[in-house]
Amino acid sequence: MHNAVECMAILSPDEARRMARMEFAIVVQTDLCAFLNAAQNFPNMSKENICLLILQFPDATDLLTETEWRQCGSTLLPNAQVITLITDEKNVVYVYDISQTNKHTAEEPVPDAEKAYHALVDVLKTDVIELENTQERMAYYHEKKWYVNLRTNYEDRFYYIICHLIAQVLESEKDIDSITACDMAAYMICRKYGVSISKINTNVLQRAISRLSAGGQEKTIYAAMNCLNAPVFRDLKAIYTGQTKDRELQRKKEEEDQAKKDAAQKEKDEARIQLLANQQAYQMAEMLAQQKVDAFIQSVPAPLRGVLEKIRRKES
């Protein structure tokens, strides 16, 4: 493994991309779980870099360059294992997992299903959680209330609620296998919080992704990864890790950025509407002017009318 990592570290961008493509071909045919296991900690990462992580350091949780670790007050361990990632078509970057520094591990709580469920309930604070004793449905949402089967354990409650939430997030996605994307997202979220993934048939999931077209595979996988970035799951992470203040500041910044984006779009739309209005006004003025010319030509004697018609044809 060590020699393979050293080889990866000196790969050119073209070589790294080639190896990533080869690994992704394996992922969609036989090794989807390895991809999801790595992707759960890096939902913003490209599929190529997730594949490079699988090849080099599949258990990575927090990645920074040597300079960035130094700026955080951490130093690399002797013989720290370097990881090569792709930045663009022409460049790569060398990063290190937190386990390769004197910090050793990320400051996050140990996965705990019961804690995760209660954090999820806190996320849904605008809704009322009502537990009912029913065998028909495990969990459902109706008239702004969540109903969860009282006979289920914390893991089941967590699983069934997040499946509903994931389905809501995926509603706006197009050209994807929504069922497969939902199961992949649920797999990553459950695994991240120590919740059993026994309800997800990974063999069926593997077959489903392998049968999609190349474009469908990519869109479906990215849709699943993007679910982890949905506000509801970012709020879940903040409550679970005790970082609600940071999340509140982040949310405020996101709202400000969105407001600026909306204002810029509004200004752009108004400018486009004004341009169309000006064009229509100009066309209307031209049409009215032409009508006046036509009326004048028709009002003069016939001999002069023929002369004016000739002049107009020459000008046009």
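Trainee: Is the crossing in which helix 11 passes helix 12 left-handed or right-handed?

Mentor: This is a predicted model, in which local features need pLDDT of at least 70, side-chain atom pairs count only at pLDDT 80 or more, and totals for chains, interfaces and linings use all residues. Residues are numbered from 1 along each chain as its sequence is written, while side-chain values use heavy atoms, with hydrogens and water left out. Helices (H or I, at least four residues) and strands (E, at least two) are DSSP runs numbered from the N terminus, and a crossing is left-handed if the near helix is turned anticlockwise from the far one by less than a right angle, right-handed if clockwise. For helix 11 passing helix 12, the crossing is right-handed.

Trainee: Which residues of helix 12 make the contact with helix 11?

Mentor: Contact means heavy atoms within 4.5 Å. On the side of helix 11, the residues are Pro231, Arg234, Asp235, Ala238 and Ile239. On the side of helix 12, they are Thr244, Arg247, Gln250, Arg251 and Glu254.

Trainee: Are helix 11 and helix 12 roughly parallel or roughly antiparallel to each other?

Mentor: Axes are lines fitted to C-alpha atoms, for helices over the stretch in contact, and angles run from 0 to 180 degrees between N-to-C directions. Helix 11 (residues 231-241) and helix 12 (residues 244-299) have axes 8 Å apart and pack at about 155°. Angles under 35 degrees count as roughly parallel, over 145 as roughly antiparallel, 65 to 115 as roughly perpendicular and the rest as oblique. Helix 11 and helix 12 are therefore roughly antiparallel.

Trainee: How many aromatic pairs does a search of the whole structure find?

Mentor: Rings of Phe, Tyr and Trp (its six-membered ring) pair if their centres lie within 6.5 Å; planes under 30 degrees apart count as stacked, over 60 as edge-to-face and the rest as tilted. Ring pairs link Phe158, Tyr193 and Tyr240 into a cluster. For the whole structure, the number of aromatic pairs is five.

Trainee: What is the angle between the planes of Tyr159 and Tyr160?

Mentor: A pair of aromatic rings is described by the distance of the centres and the angle of the planes. Tyr159 and Tyr160 are 5.2 Å apart, centre to centre. Their pair is edge-to-face, and the angle between the planes is 70°.

Trainee: Is Tyr160 buried or partly exposed?

Mentor: Buried means under 20% relative accessible area, exposed over 50%, and partly exposed in between (1.4 Å probe, protein chains only). Tyr159 has 10%, so Tyr159 is buried. Tyr160 has 23%, which means that Tyr160 is partly exposed.

Trainee: Over the face of which residue does Lys47 lie?

Mentor: A charge sits over a ring if NZ of Lys or CZ of Arg is within 6 Å of the ring centre and within 35 degrees of the ring normal. Lys47 is in helix 4 (residues 47-56) and counts as buried because its relative accessibility is 11%. Not counting residues up to four places away in sequence, Lys47 touches Phe24, Phe35, Glu218 and Tyr222. At 5.3 Å from the ring centre, Lys47 lies over the face of Phe24.

Trainee: How far from the ring centre of Tyr240 is Lys115?

Mentor: Tyr240 is one of the residues in the cluster linked by ring pairs. Lys115 lies over the face of Tyr240, and the distance from the ring centre is 4.8 Å.

Trainee: What is the phi of Asn79, about?

Mentor: Most residues other than glycine have a negative phi. Asn79 lies in the loop between helix 5 (66-71) and strand 2 (83-86), and is exposed because its relative accessible area is 73%. Asn79 is not a glycine, yet its phi is positive, at about 60°.

Trainee: Is Asp175 buried or exposed?

Mentor: Asp175 lies in the loop between helix 7 (154-170) and helix 8 (178-192). Phi of Asp175 is positive, near 60°, and the residue is not glycine. Its relative accessibility is 60%, so Asp175 counts as exposed.
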